[in-house]
Amino acid sequence: MSRACALLLPRVCAALSDPRQPGCDDTCLEKMLDWFRELTEAEPTVKLLRDNPCVSELFTAVLALPEPEPAVLSFSLRLAGIVAAVEDSFQLLQQQELLARLFGEDGPLSSTAWEDASVRSGWVEGVHSMVQHQSALHFICDGGGIDVIFTLQGDPSLFVASAARRLLVHMLTLSVGSEVTVPLNAKDCDWPACTHMIIKHIEDSLQSSSASHIERSLKLLTSLFGSCQAPWTKVLWLGIAKQVESFLTEDSVQAQHMLADLLLNVARSPVFHDTEGSFWALVTSALEHLTPVQSSPLAVGILRLHQCPQVVRIKALTVLLQPMDCILRAASQPLEYAGLLDESVSDPSAVESLLSSKSSCAGLLCQTLAHVEELLSVAFLPVNLPYASLLRSVMTILQFCNGLLIPATPLGSKISQILVGCFRVQRSALDALAALSDQKCCDTVVRSLFDVLLAYLESPNTTPTVLKKSFKAMSKWLMSLPGMSFFKNQQQTEKTLQDVFLVLQKRLCSPCWEVRDSSLEFLTSLIRNLRDHDEFRQTLLSSEVPKLAENLLEDPESYVRASAVTAVGHLAFLTYFLVPESPVAGNQYNKEKTVAKLQEILSTDPEGFPRRAVMSIFTLWLKEGCTGQLEETEQFVSGVVQTTARDLDWEVKLGCLELVQIFCNHMFCRFGLPECPYAPVSSTVTGSMHQNEPLQIFCRANLFNFLFWSLCDCDKPVGQKACDILLALKSHFCQGSTVDSQGAGDLSAGRGIQWLQRTLRQGSLVQNFPTDDGNGVDFQDPESMMVALRTIDLVKLHNDLNKCSDYVERSPQSLLEDILATAGTVEENEADCY
C-alpha cells in the first residue's frame, strides 16, 4: 500500500467514528467505498485488515456509538461486506466477533437506527457484497439473516425491497451451484440447506392467503427466471407450476397482473424450449384467462420468440389484435369488412366492454398500438402480420378520433363518442401509421390514408404534438411512394403534393411557434428524401413554401430560426445546386442573397441554435461540392472561419472544425494527395509544388490561426478536434522531413514558435493568444506553419486532451482532499494531501 493510503486510513476511520465530527456527504462516502474496493483489488484483503487495524476499529467504534449517523452506519455495513467478500478476511472478522454484531440480531437490526431506510439498504448491500462464498452464505442462513431478507422484500422503501429481492436471487443461485444432479423430472429434489429454505419460503408464500406474500414471491420468481437459466430452474418450476396455474382461474387471487412477466421470463429461458407441452399449455391458458390489458404484454413478448410452438404464436397474435379487430367490426356494416380475425382466443365481449368504457378505451388502444409499433420495428419477426388490415384499423381509429367516421354499429357509436379529440390515442395511432409505411398496399388505401392525414394537417383542432406526428407519418408515407404504383400516376401525385404544400403554407404562418417549427422540419425531411423526383421539385418550387420558409429566418423564436436555416439550406441545394438551370428557381431567388443571409445569421444571431444550424448547412454544402470553384470555396471557408473564431458557442466552433476538416480533405484530393495521410504517395507528388499549394491555401484561408486558437479553447471537444486536424496536417506536410533541433530553435524563436509552444502548454488558461504582429506568430506564413507543425509536440497535446475528467477527479490528491475535507479534518491533516 502507498504511503498516502497508509496515512489516510487511520485519519478517515477516526473521523468517521468520531461523533463530534459533522456528518459526511453521501458523494464522499461513495467515493471512499470505491477507493476501498480498489484497495481490496490491489492487495489481499486479509493483509489490508492486519496491516490496518483501524478498519476493524472503525466497525467497533461505530457499533459502540449510542446513536450513530445513519449514513456512517450504512457506510460501515457496506464496507464490512466488501472486506468480508474474501473468505480469509471473512474468517478474520469472524474471529474478531464483528460480523455477528454488524449483520446479526444484536447489531443494527435491533436498534432504532434500523428505522432509517439507508441503514436497511446498507445492510442488504453489505450482505450482498459479502455473500460470495459458502462461509458467508451459511453465516446468513444459520444466523437468522435469511428471515430478515424475507421480511425486507415487503419493505416500504422500494429500493430496499428491490435490493432484497436481488439478494435472494443471488443467494439462491450461489447456494445451488453445481450440487443439483438429480434427474430434472424428480418430484423431491435434495436441495442444499440454504436453497431449501428459500424455495420453501417461495412455495409457502404462493400458497398463502396473503396477497402481498403471493406478489413478493411472484416478483422473486420473475427476477430469478429473468437472470438465471441454469437447468435446475426447471426443477423449481415443476414444483410451483400447478400453484401458478391456479392463479389464472381463482377469482379471489389478485396476482394475475404479475403472471405475464413471470411466464414471459420463463418462456425466454432455453431450458424450456424443448419442454413437454405443459408449459406452453399454461401460456395458452394465460392468454385465454388474463384480461386483455394483462395478456397483451405477454402476447407481444411471445410473438418475438423464435423458439415457440406455432399454435401458441398464432394465439398470441390473436390476443394482441383483438382490439384492432373490434374497431374494424364496430365501424363496418354487418356484410362489409369482417375484421382482422377469423376467431378469438378469449371472449370478445371482454374487449368490447373495455372499448365501450371511457375509463379503459384509450388505455387499451394506446397499449395495443404501441405493441403493434414495436412488432413492426422487429427485423425478423417469426410471424406474419396482416398489414393491410392493420392499416385499415389504424386509419379507422384516427377517423374515430377526429369525428370523420359515421359508425355503423351501436358499439362504434360508443367508441366514437369516447375517442373524439383523444390526443393520447391520436399520437399512438399516428406512430403506428408511420411504422406501417414500409409495407406495400393498394392505391385505394393509399388515397384514403392521405385523406385522413390531410384532415389532421388541416384541422384547427389538431394540437401541436399531434400535428408533429401527422407530419412525420405524412413524410414517411410520401417517401415510400416511389416504390408504389400510386407514384406513377402523375396526376394523382401532383394533386396530393399540391394539397400537402397548401396545408404547409398555412402552417408556416401559424401563430404557434411549435407548429411553425414542425412545419419547417417536415419541409426539410421532404426535400432531403424526395429532391430527386421531378414532380416534387416542380410542385414545391411553384408554391409559396420556399418564400415563407425564407421569411422565417427572421422569426422571433430561435428554434424556428434554426429550423428555417436548415430548411432554406436544403432549399438552396435543391434550387441552386441540384437544378441550377431551373427557370422557376432563377426567377424567384438569388444564390448570393441566401448565402449572405446565412452568413449574417452566423455572425449576428444572439442564440446558439440558429448559428449551429448555419454551420451544419455550410458543412453540407461543402461536402456536396456546392460552394463553387476553388477560389470561391477558399473565400467561403475563410469567411466562415473568421466569423466562427469569435463565437462563444463551442458547438458552433466544433461545426466549423468539421468544415475545416472537409475542406482540407478536398484540397488534398484536388492536388493529388491521399485523403488518408498513411496512404502511399508517389515521390513525384510529395516532391512537387502540389505539396506546398494546399499549405498556402490553408494559410491564406486563416485555417492555422483558427486551429491553434481552438487548441487552447476552454471546451475540451473543440481542442480535441483541432488537435486531430493538426495531427493529420502534420502527417501530410511533414512526412519524412526532419528539423535540426538547433536550427528549429533559431527559426521558431524568430517567428514566435517557442512562445506558441508555451502558450499551448498552458491550455485553457491562456487569455491573450498571439496575433500576427512582430511579437507573435505569422499564421499566414507557410514556412512558419511548417516549423510549427514539425516543432510542437502535438502527440503529447493529443494525449493530454484525451484524458477523461476522471483522470483529475479520481487522482490520489483529489480523493484525499475530498475525503479529508468532508470528514472535517483538513487543517489538521492537510500535510498528508501531497
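Visitor: Which cysteines does the disulfide join?
Guide: Cys141 and Cys194, with an S to S distance of 2.5 Å. A disulfide here is a pair of cysteine sulfur atoms within 2.5 Å.

Visitor: Before I go on, what kind of model is this?
Guide: It's a predicted model, where local features need pLDDT of at least 70 and side-chain atom pairs count only at pLDDT 80 or more, while totals for chains, interfaces and linings use all residues. Residues are numbered from 1 along each chain as its sequence is written, and side-chain values use heavy atoms, with hydrogens and water left out.

Visitor: Back to the disulfide: how many does a search of the whole structure find?
Guide: One. Cys141 lies in helix α9 (residues 134-142) and Cys194 in helix α12 (residues 193-206), so the bond ties together parts that are 53 residues apart in sequence. Helices are DSSP runs of H or I with at least four residues, strands are runs of E with at least two, and both are numbered from the N terminus.

Visitor: Are Cys141 and Cys194 buried or exposed?
Guide: Both Cys141 and Cys194 are buried. Buried means under 20% relative accessible area, exposed means over 50%, and partly exposed is in between, using a 1.4 Å probe and protein chains only.

Visitor: What about Cys308 and Cys734, buried or exposed?
Guide: Cys308 is buried at 11% relative accessible area, and Cys734 counts as buried with 11% too.

Visitor: Zooming out, what's the secondary structure of the chain?
Guide: The protein chain has 46 helices and zero strands. Of its 834 residues, 54% are buried.

Visitor: And how much accessible surface does the chain have?
Guide: About 37,800 Å², and 50% of that belongs to carbon and sulfur atoms. The areas come from the Shrake-Rupley method with a 1.4 Å probe, and for residues only the protein chains shown count as cover.

Visitor: What share of the contacts is between residues 24 or more positions apart?
Guide: Such pairs account for 72% of the contacts in the protein chain with a separation of 6 or more. Contact means heavy atoms within 4.5 Å.

Visitor: What do the buried residues of α16 pack against?
Guide: They pack against α14 (232-249), α15 (259-268), α17 (292-303) and α18 (310-331). Among the buried residues of α16 are Phe279, Trp280, Leu282 and Val283.

Visitor: How many residues of α5 are buried?
Guide: 12 of its 14, so α5 is mostly covered. Buried ones include Phe75, Arg78 and Gly81.

Visitor: How do α26 and α27 cross?
Guide: The axes of α26 (residues 490-508) and α27 (residues 513-530) come within 8 Å and cross at roughly 145 degrees. Axes are lines fitted to C-alpha atoms, for helices over the stretch in contact, and angles run from 0 to 180 degrees between N-to-C directions. Residues making the contact include Val500, Phe501 and Leu504 of α26, and Val515, Arg516 and Ser519 of α27.

Visitor: Which residues is Leu259 in contact with?
Guide: Leaving aside neighbours within four places in sequence, Leu259 is in contact with Leu218, Val244, Phe247 and Leu248. Leu259 lies in helix α15 and is buried, with 0% relative accessible area.

Visitor: And where is Thr368?
Guide: Thr368 is in helix α20 (residues 361-376), buried at 1% relative accessible area. Leaving aside neighbours within four places in sequence, Thr368 contacts Leu320, Pro323 and Met324.

Visitor: Last topic, backbone angles. What is the phi of Glu97?
Guide: About 55 degrees, a positive value although Glu97 is not a glycine. Most residues other than glycine have a negative phi. Glu97 is in the loop between α6 (87-95) and α7 (99-103), and is exposed at 58% relative accessible area.

Visitor: And what is phi for Asn702?
Guide: Near 65 degrees, a positive value in a residue other than glycine. Asn702 is in the loop between α37 (692-700) and α38 (703-711), but is buried, with a relative accessible area of 13%.
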